[in-house]
Amino acid sequence: MSMNENEQENRVPTVPTLPNKRKMPRYSKRARTIYSYIAMLVGSFFIAASFNLFLLPNRIASGGVSGISVIIDTLANIPPAYTQWALNIPIFIAGVLVLGKQFGIKTAIGTIVLPLFVLLTSHWTPPTDNPLLAALYGGLGVGLGLGLVFRGRGSTGGLDTMAQIIHRVIGIRLGLAVAMLDGLVIISAGLFISLENALYALIGLFATSKTIDVIQSGFQTSKAAFIISKHPDRVSDAILHELDRGLTRLQGVGGYTGDDRPVLLAVVGQNEVVRLKLLVRDADPDAFVIITNAAEVLGEGFHDERLL
């Protein structure tokens, strides 16, 4: 074999550089701040509207200060907006004293604006008197509103702030403190309203939590693929140049053999999974592929949180 042939055989193949994708300019800090306040206001409006259209008319107290206001309105006929102000403002002040000033102006706005929207939408006519529909749609609406508030990095105060105070003072886990407080509200609804309404409240609370997850993570579904192959270069080339997706090479070690075993990590869209599997199979039919869900992916080629 000639010298030139040896050089060609040992030469490391060069990977052509992919053209840089044009990145959209990020918004200024001022624009992100405006967006966060708009998200808080719109979210608070959705919470208030869902409360007055679905939860309050059907006496569904699905946790939080709003649930307490439903119970008090049932027992003493006090408008929920006044109850929410009466509870939210002292809790906010206690939060500032115990937890410091990190609550800031956004929590103060949520504490005041949400009951205001509840008061302004209190005359709206409820579209249904079916408690199951009310629990589902009320939970969805409240979850949508809370998701927007959280995306705006805000808070509506209330029992979430009280849970943080309990966490700081007593040391109980924050998630457990929130569950305990919401649980007490639902139990109280079972005692003072009816057990059936408390069960509907659990349905509403479940719908709220799931909707918050969707709003926080987005509707886009991506897949993370872990590929273990004896021919990682061929697989990498197929993903980079035929699928036009980036990847990361992780260093792995075989559990039985102890040999070095590169692991390729690639994130693709839902509609690219089938093509990815075909490309990997063509590059290395013996490759071991693990595909799992990725709740949220940020970065080039995926969802870009430019306003957050």
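What follows is a chat about those topics.

Q: What kind of model is this, and which pLDDT do local features need?
A: This is a predicted model: local features need pLDDT of at least 70, side-chain atom pairs count only at pLDDT 80 or more, and totals for chains, interfaces and linings use all residues. Residues are numbered from 1 along each chain as its sequence is written, and side-chain values use heavy atoms, with hydrogens and water left out.

Q: Okay, sheet first. What's the strand order?
A: The order is β2-β3-β1-β4, in an open sheet of 4 strands with antiparallel pairing. Strands here are DSSP runs of E with at least two residues, helices are runs of H or I with at least four, and both are numbered from the N terminus. Two strands pair if DSSP finds at least two bridges between them.

Q: Which strands are at the edges?
A: β2 and β4 (288-294), each of which pairs on one side only.

Q: And how much are neighbouring strands turned against each other?
A: By 25° on average, direction ignored. The axes are lines fitted to C-alpha atoms, for helices over the stretch in contact, and angles run from 0 to 180 degrees between N-to-C directions.

Q: How many bridges join β1 to β4?
A: There are 7 between β1 (residues 222-228) and β4, and the two run antiparallel. S222 has A294 as its bridge partner in β4.

Q: What does S222 stand opposite in β3?
A: That's G269. β1 and β3 are paired over 7 bridges, again in the antiparallel sense.

Q: Which strands does α10 lie across?
A: α10 lies across β1, β2 and β3, and runs at about 160° to β2. α11 packs on the sheet too, touching β1, β3 and β4, with a direction that makes about 10° with that of β1. Contact means heavy atoms within 4.5 Å.

Q: Switching topic. How many salt bridges are there?
A: The count comes to 3, where a salt bridge is a side-chain nitrogen of Lys or Arg within 4 Å of a carboxyl oxygen of Asp or Glu.

Q: Which residue does R59 pair with?
A: R59 makes its salt bridge with D73, and the closest N and O atoms are 2.5 Å apart. The pair links distant parts of the chain, 14 residues apart: R59 is in the loop between α2 (29-55) and α3 (64-76), while D73 is in helix α3.

Q: Is D73 buried or exposed?
A: Buried, with a relative accessible area of 12%. R59 is partly exposed at 28%. Buried means under 20% relative accessible area, exposed over 50%, and partly exposed in between, using a 1.4 Å probe and protein chains only.

Q: What about R249 and D233?
A: Their side chains meet in a salt bridge at 3.0 Å, N to O. R249 lies in strand β2 (residues 247-253) and D233 in helix α10 (residues 232-241), so the pair ties together parts that are 16 residues apart in sequence. R249 counts as partly exposed at 44%, and D233 as exposed at 55%.

Q: And E272?
A: E272 forms a salt bridge with R245, with 3.1 Å between the closest N and O atoms. E272 sits in the loop between β3 (260-269) and α11 (273-283) and R245 in the loop between α10 and β2, so this pair ties together parts 27 residues apart in sequence. Both E272 and R245 are buried.
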